[in-house]
Amino acid sequence: MSVKIRYFAWVREKTGKAEEDLDLPAEVKTGADLIAWLKDRGPEYAEAFARPEVIRVAVNQQHVKATASLAGAREIAFFPPVTGG
Amino acid sequence: MSVRVQVEDFDIGAEVRALTAGHADIGAVVTFTGTVRGESGGKPLSRMTLEHYPGMTEREIARIEAEAHTRWPLQASLIIHRVGTLRPGDNIVLVVTASAHRHAAFAAAEFLMDYLKTRAPFWKKEEDAGGAGAWVDARESDDHATRRWQGATGKG
């Protein structure tokens with residue numbers, strides 16, 4: 001099934017795109033799995049996700065842990081720790 | 001309860017008047033305004049760009065606001081956060097809390113700001129005089145500030 005993947009701030013700059021629709025393979029079950037899978041898609045992804053421990057994950061516009069299941073995900077976002085306010 | 005994410009500046013006096021109009025049950029209004037500092041890491045800042053996650057940002061702030069209303073007896077609240085390009089001295093964020101008494105209004109405003117800084121999807125990119133840009137790093141002190149509310153309960 002196709003899922004919308006969105007990137008923000010320096011993750012967006014490093015991947016070179018704000019969003020894309022991807023068909024995820026069955027073995028991608030968590031945000032951490034997806035990061036590992038994305039890193040193999042090209043050097044720009046490898047660069048964006050070089051430090052996966054600092055990347056935050058949102059599923060369907062809600063914060064989740066990277067280890068949380070992606071079941072039911074329509075939109076998955078990756079971004080750095082937030083710096084507003 | 002009200003949340004706005006906008007490019008435009010805000011008028012603090014007008015916002016407070018609109019929020020409290022018609023309320024006879026408010027005895028305390030606290031406002032917090034965040035503004036752009038003119039330096040970063042000892043170097044002059046020429047401008048800053050704020051990025052957000054349309055949809056999630058508004059929902060996340062609304063969730064934090066609803067949480068504040070469960071912790072303290074608030075009659076009204078308002079959160080405005082600007083996005084886009086800002087310059088030193090510009091307003092970034094406005095939090096207004098209104099309650100019958102000051103303690104709830106003060107505490108709720110601080111709670112809202114602490115959560116906003118660590119949970120609401122905004123990212124700042126700073127630009128120096130030479131045009132070199134750098135994304136702002138999250139501060140651990142902000143995480144500490146948010147954690148002190150966890151497990152704590154509000155009171156009037």
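Begin by selecting B:Trp72 and B:Trp149, both of which are buried, the word buried standing for under 20% relative accessible area, with exposed being over 50% and partly exposed in between (1.4 Å probe, protein chains only). This is a predicted model, in which local features need pLDDT of at least 70 and side-chain atom pairs count only at pLDDT 80 or more, while totals for chains, interfaces and linings use all residues. Residues are numbered from 1 along each chain as its sequence is written, chains are lettered from A and ligands numbered from 1 in the order in which they are written, and side-chain values use heavy atoms, with hydrogens and water left out.

**The tryptophan pair and its neighbour**

Keep B:Asp114 for the next selection: its place is in helix H3 (residues 102-119) of chain B, where helices (H or I, at least four residues) and strands (E, at least two) are DSSP runs numbered from the N terminus. B:Asp114 is buried, with a relative accessible area of 11%, and its side chain is joined to that of B:Trp149 by a polar contact of 2.7 Å. A polar contact here is a pair of N or O atoms within 3.5 Å; within protein, one must be able to donate a hydrogen and the other to accept it, and residues adjacent in sequence count only if both atoms are side-chain atoms. If residues up to four places away in sequence are not counted, B:Asp114 touches B:Ala145, B:Thr146, B:Arg148 and B:Trp149, contact meaning heavy atoms within 4.5 Å.

**Aromatic pairs, within and between chains**

Which chains does the next pair link? Over all chains, a search of the whole structure finds 13 aromatic pairs, counted where rings of Phe, Tyr and Trp (its six-membered ring) have centres within 6.5 Å, with planes under 30 degrees apart called stacked, over 60 edge-to-face and the rest tilted. One of them is the tilted pair of A:Phe79 and B:Trp123, at 5.1 Å centre to centre and 55° between the planes. This pair crosses between chains, from strand E5 (residues 75-79) of chain A, which holds A:Phe79, to strand E8 (residues 122-128) of chain B, which holds B:Trp123. A:Phe79 counts as buried at 0% relative accessibility, and B:Trp123 is buried as well, with a relative accessible area of 1%.

Return now to B:Trp72 and B:Trp149, whose ring centres are 5.6 Å apart and whose planes stand at 85°, so the pair is edge-to-face. B:Trp72 lies in the loop between helix H2 (56-71) and strand E5 (74-82) of chain B, and B:Trp149 in the segment after helix H4 (140-147) of chain B, so the pair ties together parts that are 77 residues apart in sequence. In chain A, select A:Tyr7, A:Tyr45, A:Phe49 and A:Phe78, which form one aromatic cluster.

**The strands of chain B**

Select strand E4 (residues 43-52) of chain B, which pairs with strand E3 (residues 39-40) of chain B in the antiparallel sense over two bridges; two strands are said to pair if DSSP finds at least two bridges between them. B:Glu39 stands opposite B:Pro44 in E4(B), and in this hairpin, which has two residues between the strands, B:Gly41 takes a positive phi near 60°. E4(B) also pairs with E8(B) in the antiparallel sense over seven bridges, and there B:Met48 has B:Glu126 as its bridge partner. With strand E6 (residues 84-86) of chain B, E4(B) pairs in the antiparallel sense over three bridges, B:Thr85 being the bridge partner of B:Thr49.

Next, colour the open sheet of four strands of chain B, which has the order E1-E5-E7-E2 and mixed pairing. Its edge strands are strand E1 (3-6) and strand E2 (28-35), each of which pairs on one side only. E2(B) and strand E7 (residues 91-99) of chain B pair in the antiparallel sense over eight bridges, with B:Val30 opposite B:Thr97 in E7(B).

**Where the chains meet**

Finally, show both chains together: the contact takes 20 residues from chain A and 26 residues from chain B. Chain A and chain B bury about 1900 Å² between them, 54% of it on carbon and sulfur atoms, buried area being the accessible area (1.4 Å probe) that two parts lose on being put together, summed over both. A:Gln61, A:Thr83 and A:Gly85 supply 35% of the area that chain A buries against chain B, more than any other three residues.
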